[in-house]
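Here are my notes on this one, jotted down as I went through it. Have the viewer open while you read.

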Amino acid sequence: FEYSDFRMEDEKTVSVNVKNVGSVAGDEVVQLYTDSAGREDQPMLKLIRFKRVSLQPGESINVKFSLDDRCFTLFDMEGEEHIYEGEYTLYVGGSLPTERSYALGASKAESLKLKI
């Protein structure tokens with residue numbers, strides 16, 4: 001599967017094109033992650049949305065995800081939820097966007113910056 005044209009549709013929606021570049025039909029779980037805006041007391045990445053798509057060989061689809069405040073909620077050491085202002089990076093792909101995933105054959109994730 002190949003990902004392209006990851007972008008903001010409007011202030012509450014992101015979209016990405018997903019294409020089956022293989023020779024057989026397949027399912028892909030499109031995953032949307034956010035980082036922690038540089039906060040060292042938080043996990044590096046958080047899965048915030050996902051959708052399963054089924055595509056025939058050569059077929060493409062535009063996948064949209066809605067964003068809300070919960071997508072950017074982080075927890076302090078007392079377990080209280082907060083939305084911290086900063087620049088977040090959103091990642092979309094078929095796996096966790098890490099070097100290990102890529103070494104195992106995952107497609108490269110698309111990314112974009114979003115200021116909260």
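Two residues are in contact here when heavy atoms lie within 4.5 Å of each other. With that in hand, Thr13 touches Arg7, Met8, Lys64, Phe65 and Ser66, once residues up to four places away in sequence are set aside. Bear in mind throughout that this is a predicted model.

1. **Thr13, to start with.** Thr13 is found in strand β2. Is Thr13 buried or exposed? Thr13 counts as buried because its relative accessibility is 16%, and the cut-off for buried is under 20%.

2. **The overall layout.** The secondary structure comes to one helix and nine strands. Read along the sequence, the pattern is β-β-β-β-β-β-β-β-α-β. The C-alpha trace spans about 50 × 30 × 20 Å along its principal axes. Of the 116 residues, 37% count as buried.

3. If you take the contacts with a separation of 6 or more, 59% of them come from residues 24 or more positions apart. The protein exposes about 7,000 Å², and carbon and sulfur atoms supply 48% of that area. As for charge, there are 14 positive and 21 negative ones, and their mean positions are 4 Å apart.

4. **β2 and its two partners.** β2 is mostly covered, with five of its seven residues buried. β1 and β2 run antiparallel and are joined by six bridges. A hairpin through two residues makes the link between β1 and β2, and Ser4 stands opposite Asn17 in β2. β2 also runs antiparallel to β5, this time with seven bridges. If you want a pair to click on, Val18 has Ile61 in β5 as its bridge partner.

5. **β3 and its two partners.** β3 is mostly covered as well: eight of its ten residues are buried.

6. **The core.** The largest nonpolar core has 22 residues, and the ones that touch the most other members are Phe6, Val16, Val30, Leu32, Leu67 and Leu90. Where do the members come from? At least two residues each are supplied by β1 (2-10), β2 (13-19), β3 (26-35), β4 (45-55), β5 (60-66), β8 (87-93) and β9 (110-115).

7. **Phe6 up close.** Leaving aside neighbours within four places in sequence, Phe6 is in contact with Val14, Ser15 and Val16, then Leu32, then Leu90, Tyr91 and Val92, and finally Glu110, Ser111 and Leu112. Of these contacts, Val16, Leu32 and Leu90 are also listed with Phe6 among the core residues that touch the most other members.

8. Asp5 has a positive phi of about 55° although it is not a glycine. Asp5 sits in strand β1 and counts as partly exposed, at 39% relative accessibility. Ala37 also has a positive phi, again about 55°, and is likewise not a glycine. Ala37 lies in the loop between β3 and β4. Why does Ala37 count as partly exposed rather than buried? Because its relative accessibility is 22%, whereas buried means under 20%.

9. **Gly58 and the loop it sits in.** Gly58 is found in the loop between β4 and β5. Gly58 is partly exposed, with a relative accessible area of 46%. Gly22 is 36 residues from Gly58 along the chain, yet their C-alpha atoms are separated by 7.1 Å.

How values were computed
Residues are numbered from 1 along each chain as its sequence is written. This is a predicted model: local features need pLDDT of at least 70, side-chain atom pairs count only at pLDDT 80 or more; totals for chains, interfaces and linings use all residues. Side-chain values use heavy atoms; hydrogens and water are left out. A nonpolar core is a set of buried Ala, Val, Leu, Ile, Met, Phe, Trp, Tyr and Cys residues joined through side-chain atoms within 4.5 Å. Buried means under 20% relative accessible area, exposed over 50%, partly exposed in between (1.4 Å probe, protein chains only). Helices (H or I, at least four residues) and strands (E, at least two) are DSSP runs, numbered from the N terminus. Accessible areas come from the Shrake-Rupley method with a 1.4 Å probe; for residues, only the protein chains shown count as cover. Lys and Arg count as positive and Asp and Glu as negative; His and the chain ends are not counted. The place of a charge is taken as NZ of Lys, CZ of Arg, CG of Asp or CD of Glu. Two strands pair if DSSP finds at least two bridges between them.
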